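My entries follow in the order I made them.

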Amino acid sequence: MRSALLMLIIATFAVPLGAATAQAARNDNLKPSETVWKPAPTPPGGVAWSVLESTKETTRKDQNNMIRSKPVFPAAVKALAGKRIKVNGYMLPLENGASQTHFVLLAYPPDCPFHLNPLPMQFVEVRAASPVKVSYDVRTIEGVLTLHGDDEQGIFYKFTEAKEVG
């Protein structure tokens, strides 16, 4: 039984020879996300995800052993607070329907329909002024950026008065 399970795991997760060769040739100084996914490109006149991702995260475990997260915003991110900015990203709907007024804009394409794993500095919670049509292509969203995270809930960025542009 144990060997059958082991064979199933190996067969499921085995890397094809071509992929193994490409993987061996990759630059090991890259983060895992940089070897597979690239963030959405920066829109003209917009903010790059590298700026938002420059925020550091401090974590702690609370009395229930839950991880709590707080941001340490660099000066470049603090300078954007309260300003209307544009960011490209991938839409993650939070409501039912073909259009959304509340959604998440992800830096990287969603990699699993059951478990999303972006870090808090890799997404923006969006509240749109009018509904935005659902699409899984790169979207350009403009909104007033507010900085959050002192509540330790893991949301660092929010857009208000947002709209799709371009």
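I began with F73 and F156, and both are buried (buried means under 20% relative accessible area, exposed over 50%, partly exposed in between, with a 1.4 Å probe and protein chains only). The model is a predicted one, in which local features need pLDDT of at least 70 and side-chain atom pairs count only at pLDDT 80 or more, while totals for chains, interfaces and linings use all residues. Residues are numbered from 1 along each chain as its sequence is written, and side-chain values use heavy atoms, with hydrogens and water left out.

I then checked F73 against Y157: the ring centres are 6.0 Å apart and the planes stand at 45°, so this pair is tilted. For ring pairs I used Phe, Tyr and Trp (its six-membered ring) with centres within 6.5 Å; planes under 30 degrees apart count as stacked, over 60 as edge-to-face and the rest as tilted. F73 sits in the loop between β2 and α5 and Y157 in strand β7, so the pair ties together parts 84 residues apart in sequence. Helices (H or I, at least four residues) and strands (E, at least two) are DSSP runs, numbered from the N terminus.

What is the relative accessibility of Y157? I read 0%, so Y157 counts as buried. F73 has 16% and therefore also counts as buried.

The count comes to 2 aromatic pairs by this rule. In the other one, F73 and F156 have ring centres 6.2 Å apart and planes at 75°, so I noted it as edge-to-face. F156 lies in the loop between β6 (138-147) and β7 (157-164), so its pairing with F73 ties together parts 83 residues apart in sequence.

**Salt bridges.** I counted 8 salt bridges, taking a side-chain nitrogen of Lys or Arg within 4 Å of a carboxyl oxygen of Asp or Glu. One of them joins R60 to E152, with the closest N and O atoms 2.6 Å apart. R60 is in strand β1 (residues 56-61) and E152 in the loop between β6 and β7, so the bridge ties together parts 92 residues apart in sequence. R60 is partly exposed at 40%, whereas E152 is buried at 15%.

I also looked up D62 and R68, whose closest N and O atoms are 3.0 Å apart in a salt bridge. D62 is buried at 11%; R68 is partly exposed at 23%.

E142 and R84 meet in a salt bridge of 3.5 Å, N to O. E142 is in strand β6 and R84 in strand β3 (residues 84-93), 58 residues apart. E142 is buried at 16% and R84 partly exposed at 39%. Bridges with shared partners join R84, E142, E161 and K163 into one network.

**Q122.** Where does Q122 lie? I found Q122 in the loop between β4 (99-106) and β5 (123-133). Q122 is buried, at 11% relative accessible area. Its side chain makes a polar contact with the side chain of E53 at 2.9 Å (a pair of N or O atoms within 3.5 Å; within protein, one must be able to donate a hydrogen and the other to accept it, and residues adjacent in sequence count only if both atoms are side-chain atoms). Leaving out residues up to four places away in sequence, Q122 touches W49, E53, L105, L106, A107 and Y108, where contact means heavy atoms within 4.5 Å.
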